[in-house]
Amino acid sequence: MSDRGEMRVIGVARRRVDARAKVTGQTRFADDIFLPRMAYCKLLRSPHPHARIRKIDTSRAAAHPGVYLVLSGKDLPIEYGILPVSQDEQALCVDHVRHVGDPVAAVVAREELTAFEALDLIDVEYELLTTIADPEEALATPEPRIHDYGEEGNIHKRVSLEFGDVEQGFAEADEVFEDIFFYQGNTHLPIEQHASVGIKDPEGKLTIWSSTQTPHYLHRALAKVLQMPPGHIRVIATPNGGGFGGKSDPFNHEIVVAKAALLLDRPVKICLTREEVFYCHRGRHPVLTKFKTGVKKDGTITGMHLQTLIDGGAYGSYGVASTFYTGALQTTTYHIPRYKFQGCRTFTNKPPCGPKRGHGTVQPRFGQEVQLDKIAEKLSIDPADLRLRIAESSNAVTANFFRLSVVNLSECIRRVVKNSDWKDKFRKLPEGRGVGLACSAYLTGAGLPIYWNKMPHSGVHIKFDRGGGVAVFCGATEIGQGSDDVLAGIVAEVLGLDPFDIRLYTGDTDLGPVDLGSYSSRVTIMAGNAALQAAERGKGFLAEAVAEKIGVAKERLRFAGKRVFDSAAPEKGVTFAEAVCLAEARFGTIGAMGSYTPPKSPALYKGGGVGPSPTYSYTAAVVEVIVNPATGWITVPKIWIAHDIGRALNPTLVRGQVEGSVYMGLGEALMEEQEFRRLPKKLSHALVHKFPSMLEYKSPTSLDMPEVMTELIEEPDPRGPFGAKEVGQGPLLPIMPAVANAVYDAVGVRIDEVPITPEKIVKALAEKKAGREPRFGPSHFPHVDWPEALRVPPPWEGGDGHAVNEAPRPAKGSPEKEKVFSS
Amino acid sequence: MISITLPTESQKSAHIRLTLNGEETDVSFAPYKTLLEVLREDLGHTGTKHGCELGECGACAVLVEGKPVLSCLLLALECDKKNVLTVEGLGADGKLHPLQDAFADMGAAQCGYCTPAILVTAKALLDQNPNPSREQIRQALSGNLCRCTGYQQIFEAVEEAIVRIAKGNVSIEGGPSPSLQPKIPSGRLRDE
């Protein structure tokens, strides 16, 4: 690794490498692609939330002038899905629609308007089925089944894990707290609508440009559904106009335009309408959580039992992983010696839920942090002090066998306490004004890929040009987070160049080595480490050739300022371009490869594949609120946040990720809500999206955004490139519970439900006034037939990471094994 | 079912002459098309984006006669003889506009999708009021949704552009500018 003391690029706040393209409008998003002879595609979507397709007749549409092609389910029958264990989607539904917006047919026409018109000419006969609106209905309604796979009835997945005897933990506690929370679903709302362009290239192979965060997984899905050799498919992820997890699944519209382009031998484009983006969804799961937590008088946790009931929507998507994630990270922030987790995901007739920023960990984090606030009050301990007492420390292995690396949670708490004048404000502000604190942890990359394999998670190829140019090839996908800048910054630092000197070829399955995609906050650590390794290897060739030429030991050479020189005598050296020429003369054409595979996790039990990460980021936040007791209206004047980043590779971008996360968290806390309603019985009693539009789906505008004071805690983590950890997701997590805790400090009511709306506050204030429990939130957790828990003794009870009651599992790599692991 | 047959796109029966980014421009198009569609599809100006095509997100804002309008709600036919400015017309003489420059330096563009509309909207504000307050900037940009930044770096970039314009600063385009430090510093910077 380069000498950190003399870094020129890493840690410097600078303009990102792709900034000019973005501010001139030249970044080419998928819908900006216009090709000669291009045809347009539109999808016919189900108006019913749950129905059998009895008959579909496309003949009138096919005969419509200007229509080139009409496709229906029978043309693309092969099932696919992001997880190997949930291959439950069809590009166009064959005989069963599961939510309003499920596509049943596609029209490709010379003009988009013609395609739109022809949709009306497709005749579909539906047989309506009972609609299932929420998990409680799903548990009570095993028939009709939304899918014919899963645990039973409409239960998609149930998990039960116990790390130590949690009942023993409660027996040892001085106080046991039980709380139920509800976290409403919400959606990503990227400003860019999903778009894709497929072509049959001149050689007869397929190329698709698409707004996807996961070109590699799309590549696999296309090969499966189209029954084509993967080598004949090229996926190019165009820069995403916002992703946030919403463009991480392979989508039906991508498969449809690919198929249409192959059949028509002409480019085919689709761009979804905003309403259709709401139907694609894959957003935050609505989750009911129940926390039972035992504590000693000093706040030490003796045991925790968490149950989650998850509304999955109509398809599997990442749901099995999401289910595990609702119980995975509780142990990574505070020491929990005994921990039991039970999670249940059901299918419902709504657009499928999936991964949104903080994937599956956001909902239980809300409950955990609000419950801690209640515990602190009951024990008369300041909530910040309570957290400092129980915060996890560096290099710990948690009860569920996640190995932590550098942990600076305590420092984060101390910084926000200081910056916000917490001690002068908490329980001391006038009525109607309050502060709340909450913390969180998040993965720096998922420890396992989505499909079982032993290959690297990210690869980088660097090519050196005789003119001194350096090109970086990598599958990493730019979704606005700055993945291109991470690659350029790291390579420039190692080679002594300016990031602007680096050419980037990313997100293209033909050009670059595989990177699994922009999800799970994995790009900085994985593509970053791969880039670091490739750059160091390339540098090795140059150093050897230059050392020989100038007669200096290669260890003494330094790469800086576009030169390679003797660190003891800087005037003695060559330009970078000369160094490349010397190396090429000495070794032949110069290129280098690097790759990254996360370290093995000690969590060896079934289900232990979700949650391990090379390292975790930590965040603490304080939110101040002003609550109008008459209207319940909440104003947020300021937020203080501290994030344990390891090292900020480019502080300008890091700050943007922190503040963007705060913004999105505030939207979820106060207003964002994916709501559904039933049509009147005399219509169809169908379940429809309450507001599939940006006007009605409220999100914060520039007027709603408070001032944010961001502080970064930088202690380089040995696992990260130059010590860097994640920042794209973690800072979102503490915002919602901090708002809830601040509302309690302001007006003395508990809102145990997200979003925290004025209506709920007014209702809770009325309860308070009537002398009842000053609270708004769920009061009961439905009965679930939980399976027998896998019992895994924690490390301090001599556990080895295996469950003691687990049936022997087949060897790694077998199809059965593949089902165990997921994102 | 009522079948309505609309004119198709290839029936470019409408014709207007407008000044697009300072250039006299003639264009023929199907009469139902919005300014957004004509800009992107008939004039090849894809710098202007769309996020809803219903006037909700603000991503399609352009300046017509110097005022921000949502091009997805405006028929192109209404733009005959009008002066239209898009992001492609912001820079001049091969240089970035100070707003573009400041946005690039200050991290105001993350995914970059809402950026073109925010840039032209900010330009309209500065043309009218060269020294707006933070509150006035927030008001002016309140119709432009951004899902990435949390808006703060956008506000700061507009303020930075005001300073640069006042100093008569022209673009420093060419390479990255490592000299700029963020206004709200990181922990490491704070301790310095």
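In this predicted model, helix α2(B) passes helix α5(B) in a right-handed crossing. The two helices, α2 (residues 98–105) and α5 (residues 152–166) of chain B, pack at an angle of about 130°, with their axes 8 Å apart. Angles over 145 degrees would count as roughly antiparallel and those from 65 to 115 as roughly perpendicular, so α2(B) is oblique to α5(B). The points below begin with this helix pair and then turn to the domains of each chain and to the contact between the chains.

**The helix pair in chain B**

- On the α2(B) side, the contact is made by B:Pro98, B:Leu99, B:Asp101, B:Ala102 and B:Phe103, while α5(B) contributes B:Ala157, B:Val158, B:Glu160, B:Ala161, B:Arg164 and B:Ile165.
- Sorted by class, the contact of α2(B) with α5(B) has 8 nonpolar and 3 charged residues, and no polar ones.

**Domains of chain B**

- Chain B is assigned a domain 1 (14–89) and a domain 2 (98–171), and the centres of these domains, taken over C-alpha atoms, are separated by 21 Å.
- Where the domains meet, 16 residues of domain 1 of chain B are in contact with 13 residues of domain 2 of chain B.
- On the domain 1 side of this contact, β3 (61–64) and β4 (67–70) of chain B each supply at least two residues, and the largest share, 3 residues, comes from β3(B).
- That side of domain 1 of chain B has 9 nonpolar, 5 polar and 2 charged residues.

**Domains of chain A**

- The assignment for chain A gives domain 1 (4–27 + 456–596), domain 2 (33–129 + 191–242 + 247–280) and domain 3 (287–448 + 605–776).
- The C-alpha centres of domain 2 and domain 3 of chain A lie 36 Å apart, and 23 residues of domain 2 are in contact with 22 residues of domain 3.
- Helix α8 (residues 274–280) of chain A gives the largest share of the domain 2 side of that contact, with 5 residues, and this side as a whole divides into 9 nonpolar, 7 polar and 7 charged residues.

**Contact between chains A and B**

- The contact between the two chains takes 60 residues from chain A and 56 residues from chain B.
- On the chain A side, the elements that give two or more residues are α1 (19–23), α3 (112–119), α17 (651–670) and β28 (707–713), with the largest share, 9 residues, coming from α17(A).
- The chain A residues on this side divide into 26 nonpolar, 19 polar and 15 charged.

Definitions and conventions. Residues are numbered from 1 along each chain as its sequence is written. Chains are lettered from A and ligands numbered from 1 in the order in which they are written. This is a predicted model: local features need pLDDT of at least 70, side-chain atom pairs count only at pLDDT 80 or more; totals for chains, interfaces and linings use all residues. Two residues are in contact if their C-beta atoms, placed from the backbone, lie within 7 Å. Helices (H or I, at least four residues) and strands (E, at least two) are DSSP runs, numbered from the N terminus. Ala, Val, Leu, Ile, Met, Phe, Trp, Tyr, Cys and Pro count as nonpolar, Asp, Glu, Lys and Arg as charged, and the others, Gly among them, as polar. Domain bounds come from an automatic or database domain assignment. Axes are lines fitted to C-alpha atoms, for helices over the stretch in contact, and angles run from 0 to 180 degrees between N-to-C directions. Angles under 35 degrees count as roughly parallel, over 145 as roughly antiparallel, 65 to 115 as roughly perpendicular and the rest as oblique. A crossing is left-handed if the near helix is turned anticlockwise from the far one by less than a right angle, and right-handed if clockwise.
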